[in-house]
Amino acid sequence: MKKIAFGIIILALSCLKLYPQGEASNWYFGYGAGLKFNSANGIVNSVSNGQLSTNEGCASMSDSFGNLLFYTDGSVVWNRNHAVMDNGSGLFGDASSTQSAIVVPKPNDSNLYYIFTVDNGLDGVHFGLNYSIVDISANGGLGRVTEKNTNLLGFSSEKITSVKKNCVTGSFWVVTLSTNNGEVGLLDTFHAYEITENGVNPNAVKSTFVMGNNGTGADDLRGYLVLSPDGTKMASANARSGLYLYNFDDQSGIVSNQIRLQLNSQAPYPYGVAFSPNNKLLYVHSSNDFFDQGNPQNQNNPSSHYSVLTQFDVSQGNVNGTGTIIDSRNLYRGALQLGPDGKIYRALSSTYTVGYSYLGVIRNPDIQGIGCNYSHQGISIAPKTSSQGLPPFIQSLFDVDIDIIQNGESQVSMILCKGDTYTLGTDNVPGSSYNWSRDGQPLSVNTSQLEISEGGLYELRVIPPNGECPLVGKASVIVADKPSVQKSSLIQCDDELGGDGISLFDLNQAAESLAGDFMNRSLIFYDTNEDALNNINPLDPYSYQNKTNPQTLYVRVVDTETKCYSFTELELKVSVTQTRNVTIETCDDDGNEDGINTFNLASIEDDLIENSNSSYNITFYRTYEDALLEDNKLNSSVRNITPNKDFIFARVENDNQCFGINEITLIVHNLPNVEPESEYKYCLNFSPDTITLDPGILEGHISDFTYQWSTGETTPTIEVNTVGSYTVIVTNNFNCTKERTIRVTPSNIATIENITVKDVSDNNEIAIMVSGEGDYEFSLNNENGPYQNSNVLEDVPAGLHTVYIRDINGCGIIEDVVSVIGFPKFLTPNNDGHNDRWKVYGMSANFQSESIIYIYDRYGKLLKELNSSGPGWDGTYLGEILPSTDYWFSVLLEDGRLFKGHFSLRR
């Protein structure tokens, strides 16, 4: 398969890059962390052999072939062997300076490099902007610092950046932010220093602005300063006063057209900034942190920090209107840096001193919006960790003169699928010459286009006919395998019983058979081969209905990482075979009779298929549609949802293909409705008589059930004359059982143990003490009641009384006569039947019969001696009627009690 891409040459460009990107191949940063970029194969590896440990500032330099030369934190320089370079300590940078250093090669001299340093402007000691010189040829190529700390500014911010000025002479600009006079004061002036083959020009090009800082500019010392790769734009992240965008004239060094960009209010303080490779998009990492945030406890608390990654389109007139949030989360501030692979890397820390073991990566930074494909854990740097800083580089190292790839994803790297060809190139410009190379080796092609089928680092140098600088385009090409695929088939059951061969398919079920266990795969299905080739009209794989039976679909299998793809075919077949419907019956749960129970589906698998064997696989689903699509599979143990009768469906597969779907009826039969427990009383005094125990049927006829008693009997009722516990299992026509328990407890007629009487009082009482196995109640003078539970009878009148004691369980009544002594208060002998004679109540031949009773007149004269069983006194003395008045009595009871009193005689 052949793809063609064309580049566009803009001849108006007069200053273009000369150096390849190898100089930015080795990064050392953070707490011992590092990255190695291999432009030949596009691979980025984490390295942990560096000696650098820095909270912020760092810089590194490699040769044009990507070999490490040296790196620094702004104070110490380490050589390629990770030892301190000869004379390589004491530089005036600082590991706590945002951009403590940047390395710039001396034009037209392959041995000398300038290390420009800016110190920590917050510690009260101001070294400003200085440069030192490294001769890399010294010490057998390990290098030596030959000049140290040549001062350019007495006071500077912690910001520094660089870009190419002239592609012929190789001169550079180095830019920092300081005061107008370079002394301590208001940060308002950009100083651009030119570096030529003659050295560093100490006379800077100055551009002064009003930046809205706090008057001293101290809060704006921190934050990154960066130029765009093409040298036309510049962004300054002033930690407190905000983010500013400028135009930069890479010929004159003049900064102009200040625009303040609006940031998210939750993260208003900018720190890291980076331009996209195509120079159109600006990314900023802002946070709620600035250097004098205050409370150290908050600085050490990850939850107090919040960061936002924002994208702006600087190619638009209204840049502020293009702000798009790419990522936001709890995070400390951090740098952004464009890499040789065309991706932007993000430094990640949870606090000022605690970093993460990975970097964020914007994988397609030329794409607007979230399509830029930000990955927060983009690349691991374990076991080392990130800090806030990443190494700055001469930004023109990342400038793309010619986009020879033109795939809309990256201008510097691409993946070529194995077996495919791709055409790199640009428009043909008459009179220009075209020089191609692969991995540094010249190719014989001298046209504007090159068809490739192999990986490697391709470079095109276009030499214009007018003597201007060459235009350079690069492409790091990786060859990736296409997914391995094979044809497959998918058999589905018909979507209705006795159907028409049309059914619903979940096409993703064929993924493994089409592409094996390939993990990074994406399968796209099409009705026609033409649609598959043109990648149009994709099908919904989750619920596809076939059109014919059988039907062939066409499949594009895509590697989601490399985007390489292969084609294959999938045949759809609908099985109209139906398996047997099955009914499972069970009884309700005893004790929770709601028509719901658990069914063991494994017990019916053999009933579903005639001549079943182990090649069949059976799964169960709630609905027919779920069974078709194999969604929401049930366990082999399932409970019905609808009480008493419910339906589920079994899907039978043979060799992973649908053989049939059948309906399973789940029936839950009710248990016999019986009274579960009861208690009977057996009167011991009736023994050996029996009582009848019944099964307690509450619903239905007694003949509808069978019975199994614990006595061994199977009749509906049984006769017993022994106390104890008896059970009966009641079984209905569905063989559902329920057990009833009957407790037979003893009862008996009462035995009177004692009767005590409280008499001759205003409230006479009879207390009856009984014993026996029964439950007893008590009545006075009436066998039929009323009865009371209390054994104490109150307010009993004087006289002879019969008490009745009844067993409430029906075991019988006993009685006894009780005497309650009392003395009448009146004698009215008028023959009306009331009080005609005075006598003591409660006496009889059986009660107090030996008692002595005397009656006296008011003067103490004995008038009458009475017999306890006699008729009483009639109010006469020796036959004479005595007058109405009070008379006195003395009663000595048989039990020894003596009572004296008086009563009134009234006629």
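# Briefing: disulfides, cores and salt bridges in a predicted model

The count comes to three disulfides, a disulfide being a pair of cysteine sulfur atoms within 2.5 Å. The structure is a predicted model, in which local features need pLDDT of at least 70 and side-chain atom pairs count only at pLDDT 80 or more, while totals for chains, interfaces and linings use all residues. Residues are numbered from 1 along each chain as its sequence is written, and side-chain values use heavy atoms, with hydrogens and water left out. A search of the whole structure also finds 22 salt bridges, and the largest nonpolar core has 72 residues.

**Disulfides**

- Cys-417 and Cys-564 form a disulfide with their sulfur atoms 2.1 Å apart. Cys-417 lies in strand 30 (residues 413-417) and Cys-564 in the loop between strand 41 (551-559) and strand 42 (565-575), so this pair ties together parts that are 147 residues apart in sequence. Strands (E, at least two residues) are DSSP runs, as are helices (H or I, at least four), and they are numbered from the N terminus.
- The torsion about the S-S bond of Cys-417 and Cys-564 is about -100 degrees, so the disulfide is left-handed. Both Cys-417 and Cys-564 are buried; buried means under 20% relative accessible area, exposed over 50%, and partly exposed in between (1.4 Å probe, protein chains only).
- In the disulfide of Cys-587 and Cys-736, the sulfur atoms are 2.0 Å apart. Cys-587 belongs to strand 43 (residues 582-587) and Cys-736 to the loop between strand 53 (724-731) and strand 54 (737-747), so the pair ties together parts that are 149 residues apart in sequence.
- With a torsion of about -90 degrees about its S-S bond, the disulfide of Cys-587 and Cys-736 is left-handed. Cys-587 and Cys-736 are buried.
- Cys-683 is joined to Cys-811 by a disulfide with an S to S distance of 1.8 Å. This pair links distant parts of the chain, 128 residues apart: Cys-683 is in strand 49 (residues 677-683) and Cys-811 in the loop between strand 59 (799-807) and strand 60 (813-820).
- The S-S torsion of Cys-683 and Cys-811 is about -90 degrees, so this disulfide is left-handed. Cys-683 and Cys-811 are buried.

**Other buried residues**

- Cys-58 counts as buried at 1% relative accessibility, and Cys-372 counts as buried at 0%.
- Ser-178 lies in strand 14 (residues 172-178) and is buried, with a relative accessible area of 0%.
- Leaving aside neighbours within four places in sequence, Ser-178 is in contact (heavy atoms within 4.5 Å) with residues including Leu-153, Phe-155, Asp-188 and His-191.

**Nonpolar cores and a surface patch**

- In soluble globular proteins, nonpolar side chains tend to be buried together.
- A nonpolar core is a set of buried Ala, Val, Leu, Ile, Met, Phe, Trp, Tyr and Cys residues joined through side-chain atoms within 4.5 Å. In the largest core, of 72 residues, Phe-29, Leu-35, Phe-116, Leu-243, Val-273, Leu-282 and Tyr-345 touch the most other members.
- Leu-35 is in contact, beyond its neighbours within four places in sequence, with residues including Trp-27, Phe-29, Val-44, Tyr-345 and Ile-381.
- On the surface, Ile-852, Leu-892 and Leu-898 form a nonpolar patch with about 240 Å² of accessible area together. Leu-892, in strand 66 (residues 886-892), is partly exposed, with a relative accessible area of 37%.

**Salt bridges**

- A salt bridge is a side-chain nitrogen of Lys or Arg within 4 Å of a carboxyl oxygen of Asp or Glu. Lys-573 and Glu-571 meet in one through their side chains (3.7 Å, N to O).
- Lys-573 is partly exposed, with a relative accessible area of 33%, and Glu-571 is partly exposed, with 28%.
- The side chains of Glu-675 and Arg-740 meet in a salt bridge (3.4 Å, N to O). This pair links distant parts of the chain, 65 residues apart, with Glu-675 in the loop between strand 48 (657-669) and strand 49, and Arg-740 in strand 54.
- Asp-694 forms a salt bridge with Arg-740, the closest N and O atoms being 3.8 Å apart.
- Arg-740 is buried at a relative accessible area of 1%, whereas Glu-675 counts as partly exposed at 35% and Asp-694 counts as partly exposed at 30%.
- Glu-56, Glu-158 and Arg-222 are linked in a network of salt bridges.

How values were computed:
Patches are made of residues with over 30% relative accessible area and no salt bridge: like charges are joined within 9 Å, nonpolar side chains (Val, Leu, Ile, Met, Phe, Trp, Tyr) within 5 Å. Accessible areas come from the Shrake-Rupley method with a 1.4 Å probe; for residues, only the protein chains shown count as cover.
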